[in-house]
Number of protein chains: 2
Amino acid sequence: MDESKGLALALEEAQIGYREGGIPIGAALVAADGRVLGRGRNMRVQNDNPILHGETSCLQNAGRLPSSAYQGSTMFTTLSPCDMCTGACILYGISRVVIGENKTFLGGEAYLKQRGVEVVVLDSSECRELMEKFIVEKPDVWNEDIGVEERVYSREGIKASSK
Amino acid sequence: MDESKGLALALEEAQIGYREGGIPIGAALVAADGRVLGRGRNMRVQNDNPILHGETSCLQNAGRLPSSAYQGSTMFTTLSPCDMCTGACILYGISRVVIGENKTFLGGEAYLKQRGVEVVVLDSSECRELMEKFIVEKPDVWNEDIGVEERVYSREGIKASSK
């Protein structure tokens, strides 16, 4: 699937999440043959659930699959994946991770590459602006989601963290 | 909390999972002050859910917590954590992972250490025997859970894999 088309699915999920009052991160898992296996969004707020990030939510919605279903697949995600979601992609042998942006948060991209996963960063301003808006509005919820106590958000911009 | 006492909680979860027809892996998250924050077990079969491993299920059951709640905490798990669960422990800054056994499966122990998490392996024969029994009974379900196509199970024993 075309990168911008796949990312659009993920961004749509993120936007739904924002309208629900949640953390606006979305994902879509697309098989080697272009079929959409699943879509999902961060559900920490909506479901009071700390393990439903965009990518894990997407994997959950895709359901139980044989390992062959993940071969050659691409995980599209609006934001650089955290350590949990990085590990989930590695566990299931997802071949490629296409990332909307990594300016508001820098996750496990280096480790994905080290473990043989192709990583593409699209540097989408739509993804970044949605996250920036959310982080300024609800910094405490965001800190909780990435497991940090507090971060400094200045007018100069939101600093990426590799925590 | 005493290591064998914490592992007993995790093993109890694994045994419940086995009786339910599920994959017998359990976990318990214990705070620095000894409070049990959550317990959980692999729910792939019971809930048709590919992201509910022992540790992630435990984190889900512990609910939304501030990052301070995880500081100094220990994740007790009956089996060496897969890449997803390894990443989940790193994300939330869990301080120590106490593992029942790593003979039937070797997960992200080296990476946990590299990221500053203390790892203790107890080499529990109870945990190992329960997994060995399950893997022989339902190899396909086990392969699906660790994202592999097939593995060879010989009479000589189940080989650990670092996939």
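**Close-up 1. Helices α3(A) and α5(A) pack at an angle of about 40 degrees, with their axes 8 Å apart.** This is a predicted model, in which local features need pLDDT of at least 70, side-chain atom pairs count only at pLDDT 80 or more, and totals for chains, interfaces and linings use all residues. Residues are numbered from 1 along each chain as its sequence is written, chains are lettered from A and ligands numbered from 1 in the order in which they are written, and side-chain values use heavy atoms, with hydrogens and water left out. Helices (H or I, at least four residues) and strands (E, at least two) are DSSP runs, numbered from the N terminus. Axes are lines fitted to C-alpha atoms, for helices over the stretch in contact, and angles run from 0 to 180 degrees between N-to-C directions. The two helices are therefore oblique to each other; angles under 35 degrees count as roughly parallel, over 145 as roughly antiparallel, 65 to 115 as roughly perpendicular and the rest as oblique. On the α3(A) side, the contact is made by Glu55(A), Thr56(A) and Leu59(A), and on the α5(A) side by Met84(A), Cys85(A) and Ala88(A). Contact here means heavy atoms within 4.5 Å. Sort these residues by type and you get four nonpolar, one polar and one charged. For that sorting, Ala, Val, Leu, Ile, Met, Phe, Trp, Tyr, Cys and Pro count as nonpolar, Asp, Glu, Lys and Arg as charged, and the others, Gly among them, as polar.

**Close-up 2. Helix α3 of chain A (residues 54–62) is largely enclosed by the rest of the structure, because seven of its nine residues are buried.** Buried means under 20% relative accessible area, exposed over 50%, and partly exposed in between (1.4 Å probe, protein chains only). The buried ones are Gly54(A), Glu55(A), Thr56(A), Ser57(A), Cys58(A), Leu59(A) and Ala62(A). Their cover includes the strands β1 (26–30), β2 (36–41) and β3 (74–79), along with α4 (67–70) and α5 (83–91), in chain A.

**Close-up 3. Thr56(A) sits in helix α3 of chain A.** With a relative accessible area of 1%, Thr56(A) is buried. Leaving out residues up to four places away in sequence, Thr56(A) touches Ile51(A), Met84(A), Cys85(A) and Ala88(A), plus Ile51(B) from the other chain. Met43(A) is 13 residues away along the chain, and its C-alpha atom is separated from that of Thr56(A) by 9.9 Å.

**Close-up 4. In chain B, helix α3 (residues 54–62) is mostly covered, with seven of its nine residues buried.** Look for Gly54(B), Glu55(B), Thr56(B), Ser57(B), Cys58(B), Leu59(B) and Ala62(B). These buried residues pack against β1 (26–30), β2 (36–41), α4 (67–70), β3 (74–79) and α5 (83–91) of chain B. Gly63(B) follows the helix and has a positive phi, near 80 degrees.

Close-up 5. The same surface serves both copies, as 100% of the contact residues of chain B recur in chain A.

**Close-up 6. Over all chains, the structure holds five aromatic pairs.** In one of them, the rings of Tyr111(A) and Tyr111(B) have their centres 3.8 Å apart and their planes at 5 degrees, so the pair is stacked. Rings of Phe, Tyr and Trp (its six-membered ring) pair if their centres lie within 6.5 Å; planes under 30 degrees apart count as stacked, over 60 as edge-to-face and the rest as tilted. Tyr111(A) lies in helix α6 (residues 109–114) of chain A and Tyr111(B) in helix α6 (residues 109–114) of chain B, so this pair joins two chains. Tyr111(A) counts as buried at 12% relative accessibility, and Tyr111(B) is buried with a relative accessible area of 12%.

**Close-up 7. Phe105(B) and Trp142(B) form an edge-to-face pair, their ring centres 5.9 Å apart and their planes at 85 degrees.** Phe105(B) lies in the loop between β4 (96–101) and α6 of chain B and Trp142(B) in helix α8 (residues 139–145), so the pair ties together parts that are 37 residues apart in sequence. Phe105(B) is buried, at a relative accessible area of 2%, and Trp142(B) is buried too, at 1%.
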